[in-house]
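Reader: Could you go through this structure with me slowly? I would like to ask things as they come up.

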Amino acid sequence: MAENKSLYFITFLRHGESVGNAENRLQGLSDFPLSDEGRAQARKLAARWKAENITFDAVISSPLSRALETAQIIAAELALPDPETDPLWVERDMGLRSGLTMAEIREQFPEPDFVNPYESWSENGESDWALYLRGGQALHKLLQRPPASYLVVAHGAILGKVFYSILGITPQPNAHGVHFRMENTSFSRFRYNPAAHHWRVDVIGDCHHLSVQNK
């Protein structure tokens with residue numbers, strides 16, 4: 001795919017289904033591997049991108065195994081460089097809720113009446129504001145690289161706050177405001193012109209490959 005070498009072309013990808021997703025767990029920093037379905041999802045996306053002649057100059061991944069394995073599958077299928085890892089792209093620290101099922105969370109942790117965006121989430125987890133700042137830091141670090149085509153493989157919560165940074169949205173109390181729907185292996189594409197500080201949103205949450213039946 002021919003691209004303007006003065007622009008950044010950034011594709012953000014949520015990892016494939018993990019064992020934690022399949023068990024309806026709030027994962028956070030708990031390191032669940034991909035499920036067999038998650039691996040199949042990653043291969044479907046790789047096949048789509050291969051058919052569309054999509055390629056990347058570099059692949060950057062969260063070091064958590066569900067993201068890294070997704071990145072490795074796609075890199076291998078598209079003959080890309082081995083993924084780099086960066087801990088700035090890990091999922092939100094979910095505190096005491098990390099790794100628990102949603103039923104266990106409802107039983108053990110009643111929802112508070114009010115949470116401000118600076119307050120630690122889940123007793124000792126990352127606040128909305130801390131996550132937002134980390135997302136901005138991850139984006140800033142990515143943009144210290146030269147303009148090129150990048151694939152970033154990460155997690156729903158951190159990617160949502162990166163999108164906030166791009167779109168000029170700030171966290172609100174009680175997690176009100178804009179939310180982005182990101183299925184497993186859904187991807188979002190942005191392009192950035194650093195000379196004009198101009199962002200363009202090409203797509204958010206594309207997961208059409210998941211509706212393709214295996215032949």
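Reader: Is Trp 199 buried or exposed?

Author: Trp 199 is buried, with a relative accessible area of 17%, where buried means under 20% relative accessible area, exposed means over 50% and partly exposed lies in between, using a 1.4 Å probe and protein chains only. Please keep in mind that this is a predicted model, in which local features need pLDDT of at least 70 and side-chain atom pairs count only at pLDDT 80 or more, while totals for chains, interfaces and linings use all residues. Residues are numbered from 1 along each chain as its sequence is written, and side-chain values use heavy atoms, with hydrogens and water left out.

Reader: OK, and how many aromatic pairs does the structure hold?

Author: There are 14 aromatic pairs, counted when the ring centres of Phe, Tyr and Trp (its six-membered ring) lie within 6.5 Å, with planes under 30 degrees apart called stacked, over 60 edge-to-face and the rest tilted.

Reader: What about Phe 190 and Trp 199, what kind of pair do they form?

Author: Phe 190 and Trp 199 are also an edge-to-face pair, at 6.3 Å centre to centre and 90° between the planes. Phe 190 counts as buried at 1% relative accessibility, and both residues belong to one aromatic cluster, whose members include Tyr 8, Phe 12, Trp 89 and Phe 163.

Reader: Which residues have the most contacts inside the largest nonpolar core?

Author: Those are Phe 12, Trp 89 and Phe 163, in a core of 27 residues, and such a core is a set of buried Ala, Val, Leu, Ile, Met, Phe, Trp, Tyr and Cys residues joined through side-chain atoms within 4.5 Å. Helix H6 (156-167) is among the elements that each supply at least two residues of this core, and the largest share, six residues, comes from H6. A second, separate core of 16 residues includes Leu 13, Ala 46, Leu 80 and Leu 151.

Reader: Changing topic, how much space lies in the largest pocket?

Author: About 1000 Å³ lies there, the volume being the space filled by probe spheres set on grid points that are joined across faces, edges and corners. A pocket here is an open set of points on a 1 Å grid over the protein atoms alone, where a 1.4 Å probe fits, with protein on both sides within 12 Å along at least five of seven lines, and its lining residues have an atom within 4 Å of a point. Of the 41 lining residues, the closest to the centre are Arg 92, Met 94, Trp 121, Ala 157 and His 179.

Reader: And where does the charged end of Arg 97 sit?

Author: The charged end of Arg 97 sits over the ring of Trp 121, 5.3 Å from its centre, a label that requires NZ of Lys or CZ of Arg within 6 Å of the ring centre and within 35 degrees of the ring normal.

Reader: Last one, what is phi of Thr 185 near?

Author: Phi of Thr 185 is near 60°, which is a positive value in a residue other than glycine. Thr 185 is found in the loop between H6 and S5 and is buried, with a relative accessible area of 0%.

How values were computed:
Helices (H or I, at least four residues) and strands (E, at least two) are DSSP runs, numbered from the N terminus.
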